[in-house]
Amino acid sequence: MRNHRLLQILVAGTALFCTVLKSEEPVSHSQPQQPELTWCLDHFSGFHHYEDVAEPYGPSVDLMRELARRSGFTLRFTPRTTINRCFRLMEEGQVDLMSNLKFSEDRAKIMVLLPYETTIAESVFLLRSDKRPLTQFSQLKNLTVASIRGYLYSENTMQFIQQNRSHVAEVESIESGLEMLYRGRVDALISPTVSTSDAIFSTSSYQDRFRIAALNISTGNNAHINIGVSRQSQYIKLLPTIERHIKAMQTDGTVKRLYTDMVLSPRIKQLKAKPE
């Protein structure tokens, strides 16, 4: 009887010991999720289409998705957001990324700017029926000119706008600037070459209505376009990885294939043709 009682105690103790051991075994965890970085953007004709769609599409989007895949993060999009609001959100660290940005000292204070392609200077757009041979900025002083609010122009263009504010009208978008030019409310529109050309070719009523003036605008210090990473991003530690993969995508031709070759439409040459 005593031996039977001892055996029961040993069995109970062994069971308790095994239970304790089992409770201290490592608990299996699922694979950690990729970090989610948010890209702040608006519609930008020719680069990323973001009108009447749930998610944007276009060359910029293809490039950013590939960068996310290589860098190991999930890419999220804001709703359509104006560029000035994006800058505020970047400064506050509420979003992580922007793209298609020229360099400026103010922008560099709130984000790290990573170049990925050379930029194309803006152009002066005229009605095709306007035969004036514009080749110098001084000739614009006699015209009513529209410019895009918030757009970072090249140095010479910025200087012209600042010195001639009395006859330069700021508009909210490329589309509104083209409409003003189309209706004769302004004589010229200084606007991004690629995006404005794309907006023209995308609107049936604009066909053969506009041309690009012969005025040659230098890019100056704004020689590159950049992807911006917020200095306040909670994922700022990913910066070296992102930068490394951007350089690799330049070297292996990915930037050219997904982005450059897609945005540089040969039809731009049609707009540069001399008026008859």
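Modeller: Happy to; we will start with helix H9 and then turn to the salt bridges. This is a predicted model, in which local features need pLDDT of at least 70, side-chain atom pairs count only at pLDDT 80 or more, and totals for chains, interfaces and linings use all residues. Residues are numbered from 1 along each chain as its sequence is written, and side-chain values use heavy atoms, with hydrogens and water left out.

Helices (H or I, at least four residues) and strands (E, at least two) are DSSP runs, numbered from the N terminus. Helix H9 spans residues 254-263, and its buried residues are Thr-254, Val-255, Leu-258, Tyr-259, Thr-260 and Val-263. Here buried means under 20% relative accessible area, exposed over 50%, and partly exposed in between (1.4 Å probe, protein chains only). Looking down the axis of H9, you will find these buried residues within an arc of 150°, so they line one face of the helix; the arc is that of the directions from the helix axis to the C-beta atoms. On the face turned away from that buried side sit the exposed residues Arg-257 and Met-262.

What do the buried residues of H9 pack against? Their partners are helices H2 (59-71), H7 (193-201) and H8 (239-251), together with strands E3 (97-102), E4 (111-118) and E10 (224-230). Contact means heavy atoms within 4.5 Å.

Now look at the loop between H8 and H9, where Asp-252 lies. The side chain of Asp-252 meets that of Arg-70 in a salt bridge (2.9 Å, N to O), the term for a side-chain nitrogen of Lys or Arg within 4 Å of a carboxyl oxygen of Asp or Glu. Salt bridges that share partners join Glu-66, Arg-69, Arg-70 and Asp-252 into one network. Arg-70 is partly exposed at 24% relative accessibility, and Asp-252 is also partly exposed, at 44%.

The structure holds 15 salt bridges. Another of them joins the side chains of Arg-76 and Glu-36 (3.1 Å, N to O). Arg-76 lies in strand E2 (residues 74-77) and Glu-36 in strand E1 (residues 36-39), so the pair ties together parts that are 40 residues apart in sequence. Arg-76 is partly exposed, with a relative accessible area of 39%, and Glu-36 is partly exposed at 36%.
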